[in-house]
Amino acid sequence: MDQTKAPLFAAIAGHLKGNPTSFHVPGHKSVPPAENADSAVFFRGALALDLTELPGLDDLHHPQGAILEAEKLAAACFGADETHFLVGGSTSGNLALILAVCAANDLIITQRNVHKSVLNGLMLAEASVVFLPPKIDPRTGVACGVEPEAVRAALTRFPEAKAVLLTNPNYYGMAMDLRAITEMVHSFGKPVLVDEAHGAHFAFHPGLPPSALSCGADAAVQSTHKLLSAMTMGAMLHLQGDLLDRESIRWHLAALQSSSPSYPIMASLDLARREAALYGRDKIAQGLAAVETFHRLLAEMPWFYAEAQASRQPAFFARDPFKVILHDRTGTISGPQLLAELARDGCFAEMADPLNTVVVFSLHSTAADAVKLARSLRRISADWRLAKKELPVFAANNNIYTPFANIQSLSTVSFREWRRLQRKADATVAVKLHSAIGCRSAEAVIPYPPGIPLVYPGEIITPEAVAAIDQLSACETRFQGCSDPTANTVNIFKMTMQK
């Protein structure tokens, strides 16, 4: 296929060149709100693209023209049999996959450290799930992927499982041995679904981990906006093989996504695909050169640790060099403190946990960006006198809590049962977090970012989970999924209260 084309963007541009007069929604008529200088500068161009299902612009939920052609180009570009544009982020793709695969009480196998959208999909499907404990990287304390043998053990014990759903890479760019897992899962006749939100760029350069599709995954959901160049909320769902019901997936996508999808987002997906297909390898190489520049400059500040190599580690198979995990080896500055200090210099990092700060480079990062970041770290080093501090010899990180480690035995969790209990009047009560240890949670506790639940509904609240929540709360982390966004209190099921 001709990857130089951007058929949806071309259709929009052609429509606008005709000097159209709008007698249709949206109501802004391409006029910035409360017309003033700032709104005109920032919004006029975007609003011109904000169209609807007009003649020649196709329909996302029944594509026959420009959108269908754009999706076929994307499938060819990313190596899929079929690709669907998503305007609700990877969340909408994860939800559609789970609901298409699982009916009520059907079983799915997944790792414990999945994104909250997977948890929400399981709850909406009222599915049963087997959670696999992730491996923990001892240096950073980060929960990574799962081992092939853990997946094999789960499939052997639960042959009725409908699918295996994995997150690869994790938020920190750490990837598991996905090819080995996929081949093994397929030997059981089961499909592999991959939340590849942070790996849309993997297919375009050999210096990156292999993509989910190249590893044989049956479905991959990618946030094209994260490391490629689509607008925020722009994502894609890629399908291959014959183990999934594609018609059911299409139906659920139409049901879950807006009937008025964003044309600017869809056009940006079309353009991001074209850029990746034509220039992806070269632009990624330029971005990787910026990363290398940063690591060279960081070597002058040995009190900061950042993994420079993409080699295999005990807890993960490969890593994305665009995700740089920074932490202060002297223990002087926490992850959130470093995040705030960088922002003072106009360097806005992606996220922080109590130990680490994650900075994200991409195919559009430059050497100047790397120099600016290093300059900020030098200023922080001077202000905090880090060069004067002692550098400890590395030891496995025993100070980071691992709240998922308690799930060692393979057992099913029925979200249908916990949803039934949640709906019962007076079934739950709010208690102080530390009083909830040993009780079953009636809600999720999800630090955001990264959006990975520490506690899910129906799970026994462990001392490790409470310790992790305490540690995050001390860093002023906000929580989603729970009625108290500070997580000082949590809702539990009354029937599990212990005196």
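## Asp 38

Asp 38 counts as exposed at 53% relative accessibility (buried is under 20% relative accessible area, exposed over 50%, partly exposed in between, with a 1.4 Å probe and protein chains only). Asp 38 is part of helix α2, residues 37-49 (helices are DSSP runs of H or I of at least four residues, numbered from the N terminus). Its C-alpha atom is separated by 31 Å from that of Arg 375, 337 residues apart along the chain.

## Basis of the values

The model is predicted: local features need pLDDT of at least 70, side-chain atom pairs count only at pLDDT 80 or more, and totals for chains, interfaces and linings use all residues. Residues are numbered from 1 along each chain as its sequence is written, and side-chain values use heavy atoms, with hydrogens and water left out.

## Helices α6 and α7

The axes of α6 (residues 148-157) and α7 (residues 178-187) cross at roughly 20 degrees and come within 9 Å. The two helices are therefore roughly parallel (angles under 35 degrees). On the α6 side, Pro 148, Val 151, Arg 152 and Leu 155 make the contact; on the α7 side, Ala 180, Ile 181, Met 184 and Val 185 do (contact means heavy atoms within 4.5 Å). These residues divide into seven nonpolar, no polar and one charged.

## Cysteines

Zero disulfides are found in a search of the whole structure (a disulfide is a pair of cysteine sulfur atoms within 2.5 Å). The closest cysteine sulfur to that of Cys 475 is in Cys 482, 16 Å away, which is too far for a bond. Cys 475 is partly exposed, with a relative accessible area of 21%, whereas Cys 347 is buried at 10%.

Note on methods
Axes fitted to C-alpha atoms, helices over the stretch in contact; angles between N-to-C directions. Parallel < 35°, antiparallel > 145°, perpendicular 65-115°, else oblique. Nonpolar A, V, L, I, M, F, W, Y, C, P; charged D, E, K, R; others polar.
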